[in-house]
Amino acid sequence: MRVEKSGNFNDVKNITVTIDGKDVSGFMNKAIIYQDIFLPCWTAIVTIEDSSNILMNIPIKPGSKITIEVETETESVLDGSKSYDFIIYKLGNKIFKGQMHYQYSLYCASQGFLTNQTNRISKTYSNKKPEDCVSNVCSEFLGGSLAKSDPSDVTYHTIVPNWTPYVAGWWFAKLALKENRSDYVFFMVDFDQYWFRSIEELFKNEKSGITFKQKPTNLRDDAGNFEDDYGIMLNRYHTDDYDGVGNLGAGYYKTKLLSYDVINKKWESKTFSFGDDIAEDKEKKPWEIFDQAENANVSFLPKHPGLHSNQTIDDQVTNWHVSRKSNLLKLEQNKLQIQIPGGAKVWELLGRNCQVELPSHQDQEEGEIYDKYYKGDYLISHICQIYSSGNITVNMELIKKRLEERMI
């Protein structure tokens with residue numbers, strides 16, 4: 001499926017699909033590729049229009065290797081090429097459309113997804129930092145490498161009791177503490193390459209240099225050149241806003257941890273308030289009504305001397321236990337769903353920080369045309385690339401960790 005010369009910003013120069021080395025590009029109706037900072041793998045759904053019985057002739061079966069090669073050339077910063085190697089693990093949505101004509105979907109995942117299903121970790125990590133443990137999980141049990149990590153401030157003596165590598169990686173993400181905040185995520189950034197990163201560090205340091213905004217398309221200067229890169233212009237967008245009641249019960253605003261020392265027969269209580277672990281978040285806390293909400297979410301942690309080796313439980317285990325709830329919910333508050341023309345290099349944006357300029361919803365003051373609360377820094381948390389009929393459309397989910405200004 002080829003477009004020799006791109007005429008629109010959605011055009012794909014080349015897309016080639018092979019299954020076990022056989023070219024099936026002419027049978028592909030649609031290919032959707034998913035990336036997510038909460039998943040250590042990439043997935044895809046490829047829709048096939050089969051009028052030559054390639055299902056049986058290749059044959060297409062669980063474990064078949066499918067490669068999707070894409071290339072775009074539309075004078076956009078996202079232009080380039082990429083090859084995706086997946087394993088087919090499921091055939092679904094099979095529809096009979098006429099004589100010798102079937103439509104079906106191939107569900108695919110990166111190799112690590114299947115490696116994870118076939119491996120179990122039963123191992124002790126003694127006095128190791130969480131990022132070092134995850135590095136070992138990636139290299140020894142996933143056949144990949146930890147490409148980048150943010151150093152944590154803690155060490156643990158941890159027993160992994162017959163868990164899969166993905167479960168172990170996310171357990172270490174819960175344990176990791178950086179300056180008393182528990183906000184680490186473990187995800188795949190390229191095939192067999194993983195990141196173990198702090199959300200706060202991603203917001204501050206992983207700048208993509210890209211600004212998404214909405215403008216009239218096809219505007220040219222006097223020389224006939226396009227004024228903007230329309231590969232990153234917003235086709236459409238909508239906000240996915242907070243749920244105050246749900247957040248209250250889940251411990252976003254305030255939470256209490258009760259612990260009982262089974263040796264000394266003593267109860268202890270620790271109350272966590274939003275922003276106790278990240279000062280910048282507390283500065284822009286957009287409410288006051290929930291300041292007395294410590295009993296909205298109460299959890300229990302038994303303990304005894306030596307339970308966590310010689311570590312101080314209050315400084316490590318107790319901190320991640322309360323901070324983790326709030327930090328994961330911060331990623332659910334102010335989300336922006338956007339659609340752009342994109343390009344073949346859009347996959348590189350996962351986990352990066354971008355800028356967004358949205359039209360103002362407030363009365364404009366002093367020429368301010370952008371929304372003063374929702375403009376600014378966002379984290380790209382999900383990417384969905386849709387290749388269909390020689391075109392590409394990209395849907396992304398962006399997360400705004402804190403508003404540019406505190407709402408009054």
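## A friendly tour of strands, helices and salt bridges

Both Lys 335 and Glu 397 are buried. These two residues also form a salt bridge, with their closest N and O atoms 3.8 Å apart. The pair links distant parts of the chain, since Lys 335 sits in strand 18 (residues 334–340) and Glu 397 in strand 21 (residues 391–400), 62 residues apart. Keep in mind that this is a predicted model.

**Salt bridges**

- Side chains of opposite charge can pair when their charged atoms come close.
- The structure holds 19 salt bridges, including the one between Lys 335 and Glu 397.
- Another salt bridge joins Glu 73 to Lys 13, and here the closest N and O atoms are 2.8 Å apart.
- Glu 73 lies in the loop between strand 5 (65–72) and strand 6 (80–98), while Lys 13 is in the segment before strand 1 (14–19), so the pair ties together parts that are 60 residues apart in sequence.
- Asp 153 and Lys 178 meet through their side chains in a salt bridge of 3.8 Å, N to O.
- Asp 153 belongs to the loop between strand 9 (145–149) and strand 10 (156–163), and Lys 178 to the loop between helix 4 (165–175) and strand 11 (184–190), so this pair ties together parts that are 25 residues apart in sequence.
- Asp 153 is partly exposed, with a relative accessible area of 44%, whereas Lys 178 is buried at 18%. The cut-off for buried is under 20%, which is why Lys 178 falls into that group.
- Salt bridges can also join up into a network, as they do for Lys 148, Asp 150, Arg 197, Glu 206 and Arg 352.

- In which order do the strands of the open sheet of three strands stand? The order is 9-12-11, and the pairing is mixed.
- Strand 9 and strand 11 stand at the edges with a single partner strand each, so one side of each has no neighbour in the sheet.
- On average, neighbouring strands of this sheet are turned by 30° against each other, direction ignored.
- Strand 9 pairs with strand 12 (residues 193–198) in the parallel sense, over four bridges.
- You can find one place where these two strands meet at Ser 145, whose bridge partner in strand 12 is Gln 193.

**Helices packed on that sheet**

- Helix 3 (residues 130–141) packs on the sheet and touches strand 9, strand 11 and strand 12. The direction of helix 3 makes about 150° with that of strand 9.
- Helix 4 packs on the sheet as well, touching strand 11 and strand 12, and its direction makes about 135° with that of strand 11.
- Helix 4 is mostly covered, with eight of its 11 residues buried. Among them are Tyr 166, Trp 170, Phe 172 and Leu 175.
- Back in helix 3 we find Asn 136, which counts as buried at 18% relative accessibility.
- Leaving aside residues up to four places away in sequence, Asn 136 touches Lys 123, Tyr 125 and Phe 141.

**Helix 8**

- How far apart are the end C-alpha atoms of helix 8 (residues 317–330)? They are 20 Å apart, which agrees with the 20 Å that its 14 residues should span at 1.5 Å a residue.
- At Ser 323, helix 8 bends by about 30°.
- Helix 8 is largely enclosed by the rest of the structure, because 12 of its 14 residues are buried. Ser 323 itself is one of these buried residues, and others include Trp 320, His 321 and Leu 329.

- Strand 15 (residues 254–261) pairs with strand 17 in the parallel sense over six bridges.
- Within this pairing, Lys 256 stands opposite Val 298 of strand 17.

Definitions and conventions:
Residues are numbered from 1 along each chain as its sequence is written. This is a predicted model: local features need pLDDT of at least 70, side-chain atom pairs count only at pLDDT 80 or more; totals for chains, interfaces and linings use all residues. Side-chain values use heavy atoms; hydrogens and water are left out. Two strands pair if DSSP finds at least two bridges between them. A salt bridge is a side-chain nitrogen of Lys or Arg within 4 Å of a carboxyl oxygen of Asp or Glu. Buried means under 20% relative accessible area, exposed over 50%, partly exposed in between (1.4 Å probe, protein chains only). Axes are lines fitted to C-alpha atoms, for helices over the stretch in contact, and angles run from 0 to 180 degrees between N-to-C directions. Contact means heavy atoms within 4.5 Å. The expected span of a helix is 1.5 Å times one less than its number of residues. The bend at a residue is the angle between axes fitted to the seven residues ending there and the seven starting there.
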